[in-house]
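Please examine the fold shown here.

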Amino acid sequence: MGLGYKEPNLHTIRGYYLAKAVDEVKIYVDNYREIWKKTGCTLMADGWADQKRRTLINFLVYCPKGTIF
């Protein structure tokens, strides 16, 4: 980055940059939703438990274009 570069602070990262990332993901998912309207989709779930028996469930949507996590 070079001398004099000032990194963003926590408020900038969790405010502006987080909002920007959320908008990018929404656009990405909307492209898939157009495919879902034409071809349909499959909802999938994958679950497991860690060593402390805490459960984690992942939900995914599959279509011919790919899978959204």
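The notes below begin with conventions and then proceed by topic.

This is a predicted model, in which local features need pLDDT of at least 70 and side-chain atom pairs count only at pLDDT 80 or more, while totals for chains, interfaces and linings use all residues. Residues are numbered from 1 along each chain as its sequence is written, and side-chain values use heavy atoms, with hydrogens and water left out.

**Sheet**

- Three strands make up an open antiparallel sheet in the order S1-S2-S3; strands are DSSP runs of E with at least two residues, numbered from the N terminus, and two strands pair if DSSP finds at least two bridges between them.
- Strand S1 (42–49) and strand S3 (66–68) are the edge strands, each pairing on one side only.
- From one strand to the next, the twist averages 30°; axes are lines fitted to C-alpha atoms, for helices over the stretch in contact, and angles run from 0 to 180 degrees between N-to-C directions.

**Strand pairing and hairpins**

- S1 is joined to strand S2 (residues 55–63) by eight bridges, and the two run antiparallel.
- Within this pairing, Thr 42 stands opposite Tyr 62 in S2, and Met 44 stands opposite Leu 60 in S2.
- Five residues separate S1 and S2 in their hairpin, and Arg 53 in the turn has a positive phi of about 65°.
- S2 and S3 are antiparallel and joined by three bridges; Val 61 has Ile 68 in S3 as its bridge partner.
- The hairpin of S2 and S3 has two residues between the strands.

**Helix H1**

- Asn 9 caps the N-terminal end of H1, with a side-chain oxygen 3.2 Å from the backbone nitrogen of His 11.
- Gly 40 follows H1 and has a positive phi, near 85°.

- Val 29, Tyr 32 and Trp 36 are the buried residues of H1 (buried means under 20% relative accessible area, with a 1.4 Å probe and protein chains only).
- The cover over these buried residues of H1 includes S2 and S3.
- An α-helix has 3.6 residues a turn, so residues three or four places apart point the same way.

Methods. Helices (H or I, at least four residues) and strands (E, at least two) are DSSP runs, numbered from the N terminus. Buried means under 20% relative accessible area, exposed over 50%, partly exposed in between (1.4 Å probe, protein chains only). Contact means heavy atoms within 4.5 Å. A polar contact is a pair of N or O atoms within 3.5 Å; within protein, one must be able to donate a hydrogen and the other to accept it, and residues adjacent in sequence count only if both atoms are side-chain atoms.
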